[in-house]
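Welcome, and please open the model in your viewer. We will walk through it stop by stop, with something to select at each one.

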Amino acid sequence: MMGWGGVYTVSMSVPSQESQSVHLADAELPLVTSGLPGIGGVLKSEPADFIVEEIPAYPPEESGEFLFAWVEKTGLSAEQLTSHLARHLGIAHQDVGQAGMKDRQAVTRQLISVPARCAGALAAFEHDQIRVLETHRHRHKLRTGHLKGNRFIILVRDVTPHAAERGQAIGDELTRRGVPNYFGEQRFGRDNETLQLGFDLLRGVKQPGDIPRARRKFLLRLALSAAQSALFNQALADRIRAGALLTVQVGDVMQVVASHGLFVAEDLACEQPRFDAHEIVPTGPIFGPKMVAARSEPGAREARLLDEFQLTADVFAQYGKLTLGTRRAYVTYPGDLQVAAEGHDLRLQFTLPAGCYATVLLAEFMKAGGAKA
């Protein structure tokens with residue numbers, strides 16, 4: 001059960017000179033609907049309160065050396081799903097492909113891939129918390145990120161009086177203005193241990209060899225990504241505090257919503273109406289050597305952020321493909337957002353693009369504490 005009643009928070013502060021590592025302390029991540037009263041309530045009293053359905057990036061081709069299986073899991077993590085399938089099918093964990101890591105305390109429906117030779121064993125697979133709904137052939141293994149987005153159906157229990165009206169007002173505002181595209185708390189590990197490891201690696205406090213060999217490849221990627229994500233969250237929070245989230249600035253790296261193409265903003269009279277129409281959005285830094293750098297004042301702010309955390313741009317190059325760098329939209333727009341009262345509860349339905357977090361949107365509705373970054 002997850003109770004909400006404060007503010008959405010990020011746990012990160014400037015590292016001390018003495019320790020040469022990152023110390024974590026609560027700081028607020030600003031919300032864009034802070035002027036509207038929230039709905040309160042409780043999340044995930046039971047897995048069926050939180051339903052997630054993947055929106056695949058492409059349909060299976062009905063031929064090839066892999067099986068795409070549409071599966072439903074209840075109350076299991078992505079790692080547990082992989083482990084159960086690999087053990088039953090007699091294959092290595094890495095032979096089970098997933099497009100995205102889905103919540104544990106939820107009912108999730110998603111595609112997984114396994115070698116086609118597993119067809120017979122998969123047809124015989126039985127597990128109390130996993131159902132194989134259908135299978136199809138495909139030429140390629142399912143890779144991380146191979147999805148358009150996710151569809152959510154979420155029941156928020158024990159909401160405040162007038163929650164339906166409050167929820168509708170918040171939903172209207174988020175549909176119009178968009179949702180801050182923060183990374184969610186699950187990105188950073190329990191008690192921010194993954195995040196701490198990521199900064200320790202970037203600053204040379206720890207080396208990859210300090211991670212146990214059995215989990216080194218997995219944790220190295222996860223920890224470095226957590227550090228990049230936390231820096232992005234800080235950049236986004238700073239932008240909101242400056243009152244500049246909905247304003248295009250000269251030097252911003254903009255993303256075309258339809259194509260994801262990037263360009264640097266120069267003509268504000270041209271670009272601001274496109275942003276207002278949800279055609280383009282400003283982006284923030286996922287630091288690394290391949291990242292397209294912002295210019296002018298936005299670029300200077302990103303450089304100052306690295307200085308604050310005693311990092312330099314070149315430290316990301318030492319980990320090669322694990323920290324190549326990119327840009328991430330500062331704003332995302334929920335699709336088909338619906339709010340409906342169910343007795344003392346409120347049901348929310350919406351879709352989000354791949355890589356966006358439902359917990360971030362829920363924080364806007366619930367004016368919530370508990371999410372750490």
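## First stop: helix H8

Select helix H8, where Ala 358, Thr 359, Val 360, Leu 361, Leu 362, Ala 363, Glu 364, Phe 365 and Met 366 are buried. Here buried means under 20% relative accessible area, exposed means over 50%, and partly exposed lies in between (1.4 Å probe, protein chains only). Helices (H or I, at least four residues) and strands (E, at least two) are DSSP runs, numbered from the N terminus. Because nine of the nine residues of H8 (residues 358-366) are buried, this helix is largely enclosed by the rest of the structure. Step on to Lys 367, which follows H8 and has a positive phi, near 50°.

Before moving on, a note on the model: it is predicted, so local features need pLDDT of at least 70 and side-chain atom pairs count only at pLDDT 80 or more, while totals for chains, interfaces and linings use all residues. Residues are numbered from 1 along each chain as its sequence is written, and side-chain values use heavy atoms, with hydrogens and water left out.

## Zoom out: the whole chain

Along the principal axes, the C-alpha atoms fill a box of roughly 60 × 55 × 40 Å. The radius of gyration (taken over C-alpha atoms; the globule rule is 2.2 Å times the number of residues to the power 0.38) is 21 Å, which agrees with the value near 21 Å for a compact globule of 373 residues. Of those 373 residues, 50% count as buried. Contact means heavy atoms within 4.5 Å; among contacts with a separation of 6 or more, 79% are between residues 24 or more positions apart.

## Helix H4

Next, select helix H4 (residues 193-202). Eight of its 10 residues are buried, so H4 is largely enclosed by the rest of the structure. The buried ones are Thr 194, Leu 195, Leu 197, Gly 198, Phe 199, Asp 200, Leu 201 and Leu 202. H4 is followed by Gly 204, with a positive phi near 80°.

In soluble globular proteins, nonpolar side chains tend to be buried together.

Go back to Leu 311 and show its surroundings. Leaving aside neighbours within four places in sequence, Leu 311 is in contact with Phe 199, Leu 202, Arg 203, Leu 231, Leu 306 and Phe 316.

## Arg 327

Is Arg 327 buried or exposed? Select it in strand S15 (residues 326-329): at 6% relative accessibility, Arg 327 counts as buried. A polar contact (a pair of N or O atoms within 3.5 Å; within protein, one must be able to donate a hydrogen and the other to accept it, and residues adjacent in sequence count only if both atoms are side-chain atoms) of 2.8 Å joins the side chains of Arg 327 and Glu 302. The Arg 327 side chain also reaches the backbone oxygen of Val 292 at 3.0 Å.

Select His 162, in the loop between strand S10 (147-159) and helix H3 (163-177). His 162 has a positive phi of about 65° although it is not a glycine, and it counts as exposed at 59% relative accessibility.

Then try His 260, in the loop between strands S12 (253-256) and S13 (262-264). Its phi is positive, about 70°, although His 260 is not a glycine, and its relative accessible area of 53% makes it exposed.

Finish the loops at Ile 91, between helix H1 (78-89) and strand S7 (97-98). Ile 91 is buried, at 11% relative accessibility. Its C-alpha atom is 8.6 Å from that of Val 114, 23 residues apart along the chain. Leaving out residues up to four places away in sequence, Ile 91 touches Ala 86, Val 96, Val 114, Pro 115, Arg 117 and Cys 118.

## Last stop: cysteines

Select Cys 118, which is buried at 4% relative accessibility, and then Cys 270, which is partly exposed at 37%. A search of the whole structure finds zero disulfides (pairs of cysteine sulfur atoms within 2.5 Å).
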